[in-house]
Amino acid sequence: MKIDFTPDFKKGNGLISAIAQDIHSGEVIMLAFMNKEAFEKTLETGEAYYFSRSRNKLWHKGESSGHVQKVHSIRLDCDGDAVLLKVEQLGNIACHEGYHSCFFREWKNGNVSYCFEQLKDPKLIYNK
């Protein structure tokens, strides 16, 4: 039996949601978007490629920071409009603000706090 593994890029104006999950901890570390080219490049190379909506271009995760995501597996959701990437985050930083996860702020019981320490100043990551 052949399993269909074709994302539906038509629903989201050519984009699908892409969730990156740390292969070791299970932590969701980021949410981004993929177009067909990013999806195919990810399959081809084994490293995460996304589509940057702000820059309107293909983006290889880690191209400027060095924090590449090695893809171990990809899951496609039931509607075909989202993927879950199980990744090894090289350098332990997924967030452009220098945190392990883009989800570093947490609301809990009416209080907001940081749930991760900043691992590196973004100015040092991007030489700004």
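A residue is called buried when its relative accessible area is under 20%. Trp-59 has a relative accessible area of 19%, so Trp-59 is buried. The model behind these values is predicted.

**Aromatic pairs**

How many aromatic pairs does the count come to? The count comes to six aromatic pairs. One of them joins Phe-9 and Phe-39: the ring centres are 6.2 Å apart and the planes stand at 65°, so this pair is edge-to-face. Phe-9 lies in the segment before β1 (16–22), while Phe-39 sits in helix α1 (residues 36–45). The pair therefore ties together parts that are 30 residues apart in sequence. Tyr-50 and Trp-59 make another pair. Their ring centres are 5.2 Å apart and their planes lie at 45°, so the pair is tilted.

Phe-9 and Phe-39 also belong to one aromatic cluster with Phe-5.

| Residue | Relative accessibility | Class |
|---|---|---|
| Phe-9 | 14% | buried |
| Phe-39 | 5% | buried |
| Tyr-50 | 0% | buried |
| Trp-59 | 19% | buried |

**The nonpolar core**

The largest nonpolar core has 20 residues. Which residues have the most contacts inside it? They are Met-30, Met-34, Tyr-50, Val-83 and Leu-85. The elements that give two or more residues to this core are β1, β2 (28–34), α1, β3 (49–52), β5 (69–76) and β6 (82–89). Strand β2 gives the most, with four residues.

**A buried histidine**

His-60 is found in strand β4 (residues 57–60). At a relative accessible area of 16%, His-60 is buried. What does the side chain of His-60 make a polar contact with? The partner is the side chain of Glu-47, at 2.6 Å. Beyond its neighbours within four places in sequence, His-60 is in contact with Glu-47, Ala-48, Tyr-49 and Val-68.

Methods
Residues numbered from 1 in each chain as written. Predicted model: local features only at pLDDT ≥ 70, side-chain atom pairs only at ≥ 80, totals over all residues. Heavy atoms only, no water. Buried < 20%, exposed > 50% of the residue type's maximum accessible area, 1.4 Å probe, protein only. Polar contact = N/O pair within 3.5 Å; in protein donor to acceptor, adjacent residues only side chain to side chain. Contact = heavy atoms within 4.5 Å. Phe/Tyr/Trp six-rings, centres within 6.5 Å; stacked < 30°, edge-to-face > 60°. Core = buried A, V, L, I, M, F, W, Y, C linked by side-chain atoms within 4.5 Å.
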